[in-house]
Amino acid sequence: MPHTPTAWSTASRGAPSRFDFIALLLVLGLLAFFAEASRGVLAPLTTLDASPVTLDPHHLPMYAARTTLRMLAALVLSLLFTFTYATWAAKSPRAGRILVPLLDILQSVPVLGFISVTIVFFLSLAPGKVLGAEFVSVFAIFTSQAWNMAFSFYQSLRTVPVELTEAARSFRMSAWARFWRLEVPFGMPPLIWNMMMSMSGGWFFVVLSEAVTVGKTTVTLPGVGSYIALAIEQKNLHAVGWAIATMLVVILLYDQLLFRPLVAWADRFRFEQDPGGVPPRSWVLEALGGSRLIARFLRQLRHAARAVGAAIRTTTPVVIHIEAPDHGKQLDRIATGIVGALLAMALWEAVKFLAPELGWHDIGMTLGLGAITGLRVFLLIGLASVIWVPIGVYVGLRPGVARIVQPIAQFMAAFPSNLLFPVVVAGIVTWKLNPNIWLSPLMILGTQWYILFNVIAGAAAMPGEMRHVASNFKVTGWLWWKRIALPAVMPFYVTGALTASGGSWNAAIVAEVASWGDEHVTATGLGAYIADATSAGDFHRIVLGVVTMSLYVLLINRLVWRPLYYYAERKFRLS
Amino acid sequence: MNANIKPSTETAPLLDVMHARKSFPRGDGAELLVLEDVSLSVKPGEIVGLLGRSGSGKSTLLRLIAGLSTPAGGEVRYLGRKVEGPAEGIAMVFQSFALFPWLTVYENVALGLEALKVPRDEIRRRSLQAIDLIGLDGFESAYPRELSGGMRQRVGFARALVVHPNILLMDEPFSALDVLTAETLRTDFLDLWSDGRMPIKGVILVTHNIEEAVQMCDRILVFGSNPGRIVSEIEVPITRPRNRLDPAFAALVERIYVEMTAKPGRGTAPNVHRPMGSGIDTILARVSSNLISGLIETVAAPPFSGKADLPEIASELQLEIDDLFPVAETLQMLRLADVEGGDLRLTPEAIQFADATVDERKRLFARHLLAYVPLAAHVRRVLDERKSHSAPKSRFLDELEDHMSPEAAEQSLRALVSWARYAEVFAYDDETGSFSLENPT
């Protein structure tokens, strides 16, 4: 970031401070971590067979490091994608007309769909090397992170206040400078919030993303996900316990070392001009900010960034008309054509690929299974709402409680459902329960928290005056909920429920089939269909299942959640 | 560089706007003309005011001059060269301050110089100088959110001045501030200007505040609406510092009120762009029925007793022209008042309205609404003719958009809805977006 945050420049001259010491430790630790975690990435694939994943807890730190590095790589990729794709979509209305719906479609494709389709391509990039499999894994995590980040940044770009853009232009800032000094800072706070959500999503699919299956062979990458998978296969409860402990530590570290500092740092980019509540703080940021060495390093970095900016500036004309010149329109048209052609080609290929192998019967079946999964999602969202909305309102109105509940919910959102398989499968087998009912809660395990997050935020944003009016007129009990609390949190709730619904569909693939050792429990649904097809290596059925699921998600978003969102937004938004 | 240098010394103009036109594409493919054939020039040592109501295109013109948008016809020349994009030497101060909230006062000010690739030492020197000049020393490391509105706008001024512009463009720079703060900032600015301590040679000030224009400008260009154009040009011969209580000051304010309330066709450019047709093409202003009754009551009561001077009402009611003129014009449209020559005279019906009970008032208002507002009569007729006695809002919106911008159409319908609700002539349900004859039970 070519910024000049003043916190950096407050470092005093003189002897190394205690901040220098902490900062040095942090940096060295980070370097060691990268070196350790990236070892073996370039080794041939066969080394994975030679030293398979074991349940020895001593290996867990290394596994955790590998997984963490993958997540980080995917996050960086997602950021690159966000800055290019979202910017293109926002800057060129013509391209945006295609890119935005395309993003919507991509968002509705289950994570597994991307893995199955791109696996051969990625493996061929580094033939016979572990690196190829790593590419697949990173890409899988990327697909669970990138879309909502891109959406959030696109929204921000579209809402940059006109006068700020005009000010930047009238001071003759180049398009490059405007992007880094105005648009990125403006979009930063919501982007970071979405990065945190993305990270939780990534963890949820950690088991899925580390097992790369091509045809009959499965490459298992060393990592926490593979460890969990193996623990389940071998019915090792101790190992499951170790995995849970590792997850807890890693997520905590991520929060303390990455997100907390980011949130505290991004607080300066909040656009509201009025002083808000207590600004977020981070000991890591304070240590880094207080360090003279880091300050010097950042100064160098800033100079470099400025040099790059200057180099780019000399090649971009300063005068940029807001009315797009004609060749821009032409470029847009070409881009539109290319995307359209690609889509048509993809559709044609899919039909050509599926038609000889699958008949109307299969299509009817997947549609039916989709309806069952859909019903399950709706019922679960309803159930989760009944539980979490009242709790969310209660918590949101009490900032003290919210401070304790938020991080717990954040951890729960990242908790992979696979870790609960032992409990659930044992329960279902022992008491001979109906898996169609008792596997369902797993689907919403990670996603229900979005409802809670949003309702808490909504309740916290409720104006004090409104609450005073309620107590002044002695509005209590059901009337209070019906007339005051529920309408106030409604827009927030719908946003949360929308996210939860999309996520639950995705989670169906890992939640409708559960196993504990050799005991397998399966529920009827589209998720189980895709999971079965994947383990059988039946490519046709995978594609059909994935396409059907994307269609369902897309349709439900368009027909249910989107209208509901606009309705809530119009009717209940307090502004 | 000093305001006391009279423009009569015939120096070359800093800026020339020649026959500038600006239009925006409309939904149906046609063009909406917002600025028509505007010419003006700014000479060194001048503060030129662009005075007009919102929607008169004065801010659009300012953006043409700043190079932030290009004219559809005509051209803008700065120091004899055509303006194509933001020009070096023209800086702007914004109504909403437009500060970057994540940069400190110092960083905000330095930003303009960094974009110009000025050496670092010079950036520091000039930024601190500008901050000092505008009275912000001590606040260098503060973030905008820590400052009051007045202090924020000072940063806006410092940021514009630091690039040493020849021309300073000001887009209603004081209108987001409270009265007292605005006054302080204006006097401070004029002091600096009169002392020649600012590196600027000419100023263009966009405002909708008549007194502000008279206080600050050497020359005022009064703008008319639909489409935006210059209606008249007024010199301000009063020497600085100017006193609002000075009779010459008050007389000039009064004269501008007269200019701005002159009926089209008399002295001002005839409005050829408004086909008379069905009459539903009149853009209605969003004026609440409370404001309408309020103004009638005030003017009907002593000391006005039915006839009032607009500047007097404005100061009596603390209304700016952007608030007052729409009410006055709505009264005129409803034939409840006559506005001419800077005066507002109530009609006999309006006097009757002032003394009436709530129900009588509503009946009288309903009569005038249906008789004199063609859109109201039109909606009512459509509802009467339909069997269901209801019609969707989109039906009328489409119809209106043939004559005006979508925003204006929306605004007109909103205004109509509020009047119709008060007069109880038809109902509107926002949830379903439909007009009907049934009142909710």
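**View 1. Pairing of Leu168(B) with Val203(B) in the predicted model.** Val203(B), in strand E8 (residues 202–207) of chain B, is the bridge partner of Leu168(B). Strands E7(B) and E8(B) run parallel and are joined by five bridges; strands here are DSSP runs of at least two residues (E), helices are DSSP runs of at least four (H or I), and both are numbered from the N terminus. Two strands count as paired if DSSP finds at least two bridges between them. Between E7(B) and E8(B) the chain passes through helix H5 (residues 179–194) of chain B, in a right-handed β-α-β crossover. Right-handed means that, with the strands pointing away from the viewer, the path from the first strand over the helix to the second runs clockwise. This is a predicted model, in which local features need pLDDT of at least 70 and side-chain atom pairs count only at pLDDT 80 or more, while totals for chains, interfaces and linings use all residues. Residues are numbered from 1 along each chain as its sequence is written, and chains are lettered from A and ligands numbered from 1 in the order in which they are written.

View 2. Strand E7 (residues 167–171) of chain B is largely enclosed by the rest of the structure, because five of its five residues are buried. A residue is buried if 20 or more other C-beta atoms, placed from the backbone, lie within 10 Å of its own. Side chains in a regular strand alternate between the two faces of the sheet. In E7(B), Ile167(B), Leu169(B) and Asp171(B) lie on one side, Leu168(B) and Met170(B) on the other, and both faces are covered. Strand E6 (residues 90–93) of chain B also pairs with E7(B), in the parallel sense over four bridges; there, Leu168(B) is the bridge partner of Ala91(B).

**View 3. Leu169(B) in the largest nonpolar core.** Among the 133 residues of this core, Ile65(B), Ala158(B), Leu169(B) and Ile204(B) touch the most other members. A nonpolar core is a set of buried Ala, Val, Leu, Ile, Met, Phe, Trp, Tyr and Cys residues joined through C-beta atoms within 7 Å. Helix H2 (residues 105–115) of chain B contributes seven residues, the most to this core. Setting aside residues up to four places away in sequence, Leu169(B) touches Leu62(B), Ile65(B), Ala66(B), Ile90(B), Ala91(B), Met92(B) and Ile204(B).

**View 4. The loop residue Asn209(B).** Asn209(B) is found in the loop between E8 and helix H6 (210–216) of chain B. With 20 other C-beta atoms within 10 Å, Asn209(B) is buried. Beyond its neighbours within four places in sequence, Asn209(B) is in contact with Ser175(B) and Glu320(B), contact being defined by C-beta atoms, placed from the backbone, that lie within 7 Å.

**View 5. The two domains of chain B.** Domain 1 comprises 7–89 + 165–261 and domain 2 comprises 289–436, with bounds taken from an automatic or database domain assignment. Their centres, taken over C-alpha atoms, are separated by 32 Å. Contacts involve 14 residues of domain 1 and 14 residues of domain 2. Helix H7 (residues 247–261) of chain B supplies five residues, the largest share of the side of domain 1 that touches domain 2.

**View 6. A three-stranded open sheet in chain B.** The strand order is E14-E16-E15, with antiparallel pairing. Strand E14 (390–392) and strand E15 (427–429) are the edge strands, each pairing on one side only. Three bridges join E15(B) to strand E16 (residues 434–436) of chain B, where Ala427(B) stands opposite Ser436(B).

Methods. Buried ≥ 20, exposed ≤ 12 C-beta atoms within 10 Å, placed from the backbone. Contact = placed C-beta atoms within 7 Å.
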